[in-house]
Amino acid sequence: MPNPAELATQAASGGPGGAGRVFAIANQKGGVGKTTTAINLGTAMASVGRKVLVIDLDPQGNASTGLGVDAANRSLSTHDLLTGQATIAAAAIPTAHVANLAIIPAKKELSGADRELLDEADGRHRLKAALAKAREHSSSGVGGFDYVLIDCPPSLNILTVNALVAADGVLVPLQCEFFALEGLSQLLNTIQRIRKNLNTSLGVQGVVLTMFDKRNKAYHGDVAEEAHQVLGDLVYKTIVPRAAKISEATSHGQPGLIYDRSNPGTIAYADLAIEVLARERDPVGA
Ligand SMILES: Nc1ncnc2c1ncn2[C@@H]1O[C@H](COP(=O)(O)OP(=O)(O)O)[C@@H](O)[C@H]1O
Ligand SMILES: [Mg+2]
């Protein structure tokens, strides 16, 4: 495994949102909390006044559904963005429940992107190009957004590579369970390779432990401890507990903050947002 500390994001953002920061929420394992983090962290950042865009890069479209965009209401999508048929400005739609939070939804056709993009010389740079264009055409941020959160699919395929090539930092959700750290070295190796060849400014913004279960405290505590030992300060202090309401909220097309603002999962994501924003001003190891 590469030395995690060396992969930390070094560049400070220079103010709230700065020139617009792009975070890929990535882990090739499914079911670790990527989408839940995109939805609830995005909501928490928006609720403290940041303008946030979630880009749904998973053909399953869970972030789109979870933010209340039904399949029938998805006109332009991330597939159009990657094929150059739509701009960020045209494809971003406001979410129903949260001011300052927009989403570019995913449609099933995105699953074909793997094949389509692999054949193109610039296939790994499509998302980066779309974001660069949005930056150019706006006076602040990325098309007016302070933060862009990219919800990656559970794979290190060309969609995730597009996210890592486009991102300033990677947010890694790590589920508190036995093999969590094993898969991580593969992700960190990929980040290291992309940093060498395709995106020299890429770094790990942080690792967030998710689905911590109190009833399993002894065991989950060990996993959390091991993560701290291996990853050091990259691990956020906030640990997201397992909270049924967070899952329930997503199934109702609402972020936790709207569905049940006092549940421990929602509160953890609010704390996490504060930590993520603070780390922007004061990066690990800088
Ligand atoms: N903190 C949590 N508490 C309870 N359930 C959670 C929590 N985080 C995620 N889940 C649930 O676990 C499942 C997987 O989470 P999800 O965010 O979709 O993972 P991924 O995007 O990595 O595949 C979903 O059903 C989600 O609602
Ligand atoms: Mg997901």
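Colleague: How many helices and strands does the protein have?
Modeller: This is a predicted model. The protein has 12 helices and seven strands.

Colleague: And what does the C-alpha trace span along its principal axes?
Modeller: About 50 × 40 × 35 Å.

Colleague: Switching to ligand 1. Which residues come nearest?
Modeller: Gly31, Lys34, Thr35, Thr36 and Ser247. They belong to a set of 19 residues around ligand 1.

Colleague: Which helices each supply at least two residues of that shell?
Modeller: α1, residues 34-47, and α10, residues 244-251.

Colleague: Which gives the most?
Modeller: α10, with four residues.

Colleague: How does the shell split by class?
Modeller: There are 10 polar residues, seven nonpolar and two charged.

Colleague: Back to α1. At what angle does it cross α12?
Modeller: Roughly 65 degrees. The axes come within 8 Å, and α12 covers residues 264-281.

Colleague: Parallel or perpendicular, then?
Modeller: The angle makes α1 roughly perpendicular to α12.

Colleague: Left-handed or right-handed?
Modeller: The crossing of α1 and α12 is right-handed.

Colleague: Which residues make the contact?
Modeller: From α1, Asn40, Leu41, Ala44 and Met45. From α12, Thr266, Tyr269, Ala270, Leu272, Ala273 and Val276.

Colleague: How many of those are nonpolar, polar or charged?
Modeller: The contact of α1 with α12 has eight nonpolar and two polar residues, and no charged ones.

Colleague: Now α6 and α7. How do their axes sit?
Modeller: The axes of α6 (residues 126-136) and α7 (residues 158-166) come within 7 Å. They cross at roughly 40 degrees, which means α6 is oblique to α7.

Colleague: Which residues meet there?
Modeller: Arg126, Leu127, Lys128 and Leu131 in α6 meet Asn162, Ala163, Val165 and Ala166 in α7.

Terms used: Residues are numbered from 1 along each chain as its sequence is written. Chains are lettered from A and ligands numbered from 1 in the order in which they are written. This is a predicted model: local features need pLDDT of at least 70, side-chain atom pairs count only at pLDDT 80 or more; totals for chains, interfaces and linings use all residues. A residue is near a molecule or strand if its C-beta atom, placed from the backbone, lies within 6 Å of it. Ala, Val, Leu, Ile, Met, Phe, Trp, Tyr, Cys and Pro count as nonpolar, Asp, Glu, Lys and Arg as charged, and the others, Gly among them, as polar. Axes are lines fitted to C-alpha atoms, for helices over the stretch in contact, and angles run from 0 to 180 degrees between N-to-C directions. Angles under 35 degrees count as roughly parallel, over 145 as roughly antiparallel, 65 to 115 as roughly perpendicular and the rest as oblique. A crossing is left-handed if the near helix is turned anticlockwise from the far one by less than a right angle, and right-handed if clockwise. Two residues are in contact if their C-beta atoms, placed from the backbone, lie within 7 Å.
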